[in-house]
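Please look at the two chains below before reading on.

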Amino acid sequence: MATMAVQMAGKADRVPLRTKLQRVERRRKLRAFALVLPLLLFILVAFVMPIGRMMFNAVYDDTLLTLMPRTMAALSDWDGKDLPGESAYAALAEDLKQAWTQRTAGAIGKRMNYELPGARSEVMSSARKASMLSVGPYKTALIEINPIWGQHEVWSLLKRGTSAHTAYYLLRSVDYQYGADSEIVTAPPENAIFRDIFMRTLEISVSVTLATLILGFPVAHLLATLPLKTSNLLLMMVMLPFWTSLLVRTTAWAVLLQQHGVVNDVLMALHLISQPAELIYNRVGTIVAMTYIQLPFTLLPIYSVMKTISPSLVSAARSLGAGPFYAFWKVYFPLTLPGISAGGLLTFILCLGYYITPALVGGPRDQMISYFVARYTNEELNWGMASALGAILLTVTLLLYYVFGKLVDADRVKMG
Amino acid sequence: MRKSLIIANALAMTGLAIVILAQAEPAFAGDQLTITSFGGAAQMSERKAYFEPFAKKTGIKITEGEYNGEVAKIRAMVDSKSVSWDVVKTDATTAAQMCAEGIIERIDWKRLGLDRSKFVEGDDNDCAVPDDFYATVLAYDKIKLSNGPKTLADLFDTQKFPGKRGLLRSPFGNLEWALIADGVPVKDVYKILGTPQGVDRAFKKLDTIKKDVIWWQTGAQAPQLLADGQVVMTSGWNGRIYDAIKNSGKSFEFVWATQELGWNSWVIPKGTSRLDEAYKFIAFAASPAQQADKTRYIAYGPTNKDAIPHVDPAILPWLPNAPDNMHNALLIDAHFWSDKGDDLRQRFTAWIAK
């Protein structure tokens, strides 16, 4: 049939039908592509590029390379064993002088300070004093100005600066750092917090996801089985919080949960507790508020899947002799799994990035990784650390998504 | 054809978007100035005492901005050479840090026409002109706590004063308080805090109340925590507490003996195109008459010594730098925080997250 059709078309205008069909198909594809092109471009410009740049920042740092060019050049052939020779010190003196006149000593000090706490003020004062040095030998003069220039670990740090690529930020993000000889060592306990915080982020996200599933499943079932009129009204109530600002909703929880708030007052009036319970500025407050905010995100995908399950399936199971629980567990529940996975995954991934809710209703021990990203961006001005933490969070999220996709057949996950 | 139509449409939309975006940029004009401050009651007082009279006097139009004191924003502007804020109000410790980093203009006091010796820490103001004093004080509600705390030792005494305490979520001010409460004389605080042992000692003292602290982050949170009964006492900025007493009828009480005196300054981000107007504004705002006038709107003290005689005697007792409030006051060491702030903040962040 097909060959005949092709032959016939070929006779008509010498272009085989297959080619014609291909042409039409190609044109259709092109048109479809042109339609999604603006969105693709938008995503590329507004999402992929900034995130790529951010991840690049986590390993790229040319502060020392650009601000101390002479020292970096002099250090390129230093073997890293003893202190470097006079030429490196002369280069350092020149760089410090330049840093003083161009007022970049602060930036140099700040960068060195990340790895050597306290270095900032030493660098600043050295630059001021070095600006008055005119003749060598610089080695003794600089060590006299400030003993840090006689420390091996300072020169190791400078040597690491000769490369614009650094693993420092990524190492710090998992509680490692460079030692005196540029070897990798574990961070001192007063700085080692990030592994805990990543674990905490996962812990809170899992708790909230489970809580929304437990609370959301029965409501979704109710919504899916009630008559349309009632279920629409209920659905509206589920959606209502979406139309209110996240900030307002979180603050509302502060009013409810605080020491003399509504919840405590009611519990005390009912004589269930004698002392106000601590419900806010701790883990309880964080999980309650986050669960509330995430509930619709978990509920709606489950609801949309339940809507498609024919009630006759459970009836059939019952009529064949299954008990109510057995019918639910063996027939109904497996059919809702795609919705449960979609809703749970959506909530879990959104939870990983939570920032404002833990900040408002959590205590210091409930802050998740985003809090530290924001802190490093806005307050500490350490964009390398912010990028490194962000990059790790993103990688972990993608990895979890991948593993999840492998575990649950990805085709069965329906988003809404 | 249809495809080309779509592309043409897309191009037209992009073009339109660019035109709209371009128009959103303010047109350049010489006679205007963008001033950014902390917003809220503080900025309101500046508007009344500085911005409006200045605009009236000089015809320079003032556009206001608000921020939370983040150096990041100023640094981003300076680094990208797109400075849109001409004058910024900032904390003295931040000003010292920005001066050292070279992202704000050095102040030419002659050009300003002001005597720098009349201002707080006159010698240190290379890049900043002080505007107002604010105090960090311990405050409590005298209705709920008739026999309130008198000293910083009381802040750390959970036997005598059970319940939660509010403190700023920052090492700033808290480390000093911890040392004073631990028996360090006020005049030696920064000397001791400058040593690693001193820092350990301060954190150890803070450890004793760590589980009893609710940490606040914005100025308005402190009086709110107190009003809600969430805390029995809290640190707070005197202007905010005063505002709650004066305008919301709260029965809060200051413990002036715990005062830490800090100040805010005007700075000019490096590379502004309106340097002349910026100087004109700062000279106007830092003048004695204007600084004294501002105390009518907020209880922050003038930093220009010549302004004190012009202050209404009824307001004076509420100002942090009124002589009666200054017994035992600790003057914040801007240089200490500019130097050591990064390390201490980092340690504090780790300490509090554990």
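**Briefing: domains and contacts in a predicted model**

Chain A is assigned domain 1 (2–56), domain 2 (63–186) and domain 3 (194–412), with bounds taken from an automatic or database domain assignment. This is a predicted model, in which local features need pLDDT of at least 70 and side-chain atom pairs count only at pLDDT 80 or more, while totals for chains, interfaces and linings use all residues. Residues are numbered from 1 along each chain as its sequence is written, and chains are lettered from A and ligands numbered from 1 in the order in which they are written.

**Chain A**

- Between the centres of domain 1 of chain A and domain 3 of chain A, taken over C-alpha atoms, there are 40 Å.
- Helix H11 (residues 194–225) and helix H15 (residues 283–307) of chain A have axes that come within 6 Å and cross at roughly 45°; axes are lines fitted to C-alpha atoms, for helices over the stretch in contact, and angles run from 0 to 180 degrees between N-to-C directions.
- H11(A) is therefore oblique to H15(A) (under 35 degrees is roughly parallel, over 145 roughly antiparallel, 65 to 115 roughly perpendicular, and the rest oblique).
- The contact of H11(A) with H15(A) comprises 17 nonpolar, eight polar and one charged residues (nonpolar: Ala, Val, Leu, Ile, Met, Phe, Trp, Tyr, Cys and Pro; charged: Asp, Glu, Lys and Arg; polar: the others, Gly among them).

**Chain B domains**

- Chain B is divided into domain 1 (32–131 + 263–322) and domain 2 (134–262 + 328–353).
- The centres of these two domains of chain B, taken over C-alpha atoms, are separated by 26 Å.
- In chain B, 17 residues of domain 1 are in contact with 15 residues of domain 2 (C-beta atoms, placed from the backbone, within 7 Å).
- On the domain 1 side of that contact, helix H2 (40–58), H4 and strand S8 (252–267) of chain B each supply at least two residues (helices, H or I, at least four residues, and strands, E, at least two, are DSSP runs numbered from the N terminus).
- H4(B) provides the largest share of this side, five residues.
- This side of domain 1 of chain B has 11 nonpolar, four polar and two charged residues.

**Between the chains**

- 33 residues of chain A are in contact with 26 residues of chain B.
- On the chain B side, two or more residues each come from helix H1 (2–24), helix H3 (71–79), helix H4 (92–101), strand S6 (213–216) and helix H14 (334–353).
- H14(B) gives the most to this side, with nine residues.
- The chain B side divides into 11 nonpolar, four polar and 11 charged residues.

Terms used:
Contact = placed C-beta atoms within 7 Å.
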